[in-house]
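Hi,

Here is the structure I promised to pass on. Have a look at it first, and my notes follow below.

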Amino acid sequence: MLGATQKRFSLVQLARLKPAQSSTVRTMRSRFTPQLASLLCLITAAAFPGATSVRGGTIRDDQPDQSYRDLAASPDYGSVGTFSSGLTGCGTLIAPDWVLTAAHLFISSSGSFTINGSTYTADQLITYPDYQSGHELQGYDIGLAHLTTPVSGVTPATLYSASLEPVSVMTFVGFGMTGTGLTGARRADFNLRAFQNMADGDFGNPAVLLGADFDNPHSPADNYFGDPTPLLLEGCTAYGDSGGGVFLTVNSTTYLAGVVSFVAATDGNANSDYGDLTGFGRVSAFRDWIGLQIPEPTSSTLLAWFGLGMLGWRRYRRARGAA
Ligand SMILES: [Ca+2]
Ligand SMILES: [Ca+2]
Ligand SMILES: [Ca+2]
């Protein structure tokens with residue numbers, strides 16, 4: 001999930017926020033300050049070489065691992081799979097034949113996406129034009145992968161399309177290494193996990209990149225963004241989570257709001273333990289670019305998709321149109 005780790009998302013209803021509410025949301029986010037920049041250890045293209053189905057993220061040491069596995073089993077997060085292109089991380093299905101992931105995973109000219117035990121070939125990789133390898137703090141670590149065969153039996157995620165995400169609980173889903181906040185990322189055990197965190201921070205460019213800190217239930221000293229109290233299932237991204245999905249639920253509808261990009265630390269070791277930070281790109285900031293890359297399906301293609309895939313596409317188009 002960092003270097004091997006990265007993640008992000010959106011909501012149509014938020015487009016209707018009144019100006020005063022929007023201002024409140026902005027001021028509630030804590031910002032990564034330039035003075036601390038020298039302390040940040042950024043793990044950039046550190047994917048997780050060789051991992052094809054590792055799932056995880058680091059978790060609280062005082063909560064049962066099974067709770068994180070149960071959260072990941074929700075159908076809301078079924079669109080996340082493993083993506084490989086030289087480096088292995090994660091990706092989220094956003095249309096029957098398109099995967100949204102982190103651009104830093106694009107080491108090769110082609111790739112593969114594995115979901116529900118099936119692997120699909122990616123024949124076209126599109127990097128967001130402003131992305132620069134090694135400069136993930138700029139916030140453009142976004143990539144699209146086209147699959148040669150549409151995925152069946154999986155509902156694509158709905159993109160969050162409002163212009164401003166609320167400072168609220170987001171759910172990070174990926175396949176990275178796991179461990180606890182005390183140990184950091186230690187092992188890959190092939191169990192799917194999801195964790196939650198407040199997206200209450202940024203790295204100086206909140207228009208495209210948001211952040212969350214791994215709060216320590218035993219000490220407020222590890223707090224960096226917002227409140228020092230961790231959520232019940234708080235966690236942090238880790239190696240292998242890069243490109244994974246960050247989800248936001250609004251009015252009972254779950255949206256893909258972010259793409260995991262990196263893990264950073266102020267303790268000199270970005271190992272995903274307590275106090276480390278996750279950076280993820282805002283899907284809403286890239287929705288128009290994504291729409292330009294993914295062509296409207298033809299009528300014949302629509303017939304072929306007839307089913308879950310088409311449902312996901314319609315939700316995506318609706319979300320874009322309402323934003
Ligand atoms: Ca936190
Ligand atoms: Ca915090
Ligand atoms: Ca650390």
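Predicted model: local features only at pLDDT ≥ 70, side-chain atom pairs only at ≥ 80, totals over all residues.

Ser272 sits in the loop between β18 and β19 (277-282). Strands here, like helices, are DSSP runs numbered from the N terminus, with at least two residues (E) for a strand and at least four (H or I) for a helix. The phi of Ser272 is near 70°, which is a positive value in a residue that isn't glycine.

Residues are numbered from 1 along each chain as its sequence is written, and chains are lettered from A and ligands numbered from 1 in the order in which they are written.

Back to the loops. Ser252 also has a positive phi near 70°, and it lies in the loop between β17 (245-250) and β18 (253-264). So which of these serines is buried and which is exposed? Ser272 is buried, because 37 other C-beta atoms lie within 10 Å. (The cut-offs: buried means 20 or more other C-beta atoms within 10 Å of the residue's own, exposed means 12 or fewer, and partly exposed is in between, with C-beta atoms placed from the backbone.)

Next, a sheet. It is open, has four strands in the order β12-β11-β3-β16, and its pairing is mixed. Two strands count as paired if DSSP finds at least two bridges between them. At the edges are β12 (184-187) and β16 (235-236), each pairing on one side only.

Strand β11 (residues 178-180) runs antiparallel to β12, with three bridges joining them. Thr178 has Arg187 of β12 as its bridge partner, and the two strands make a hairpin with three residues between them. As for β3 (residues 57-59), two bridges join it to β16, again antiparallel, and Ile59 stands opposite Gly235 in β16.

Finally, the chain as a whole. It has five helices and 19 strands, and 56% of its 323 residues count as buried. Among contacts with a separation of 6 or more, 78% are between residues 24 or more positions apart; a contact means C-beta atoms, placed from the backbone, within 7 Å.

Cheers

How values were computed:
Contact = placed C-beta atoms within 7 Å.
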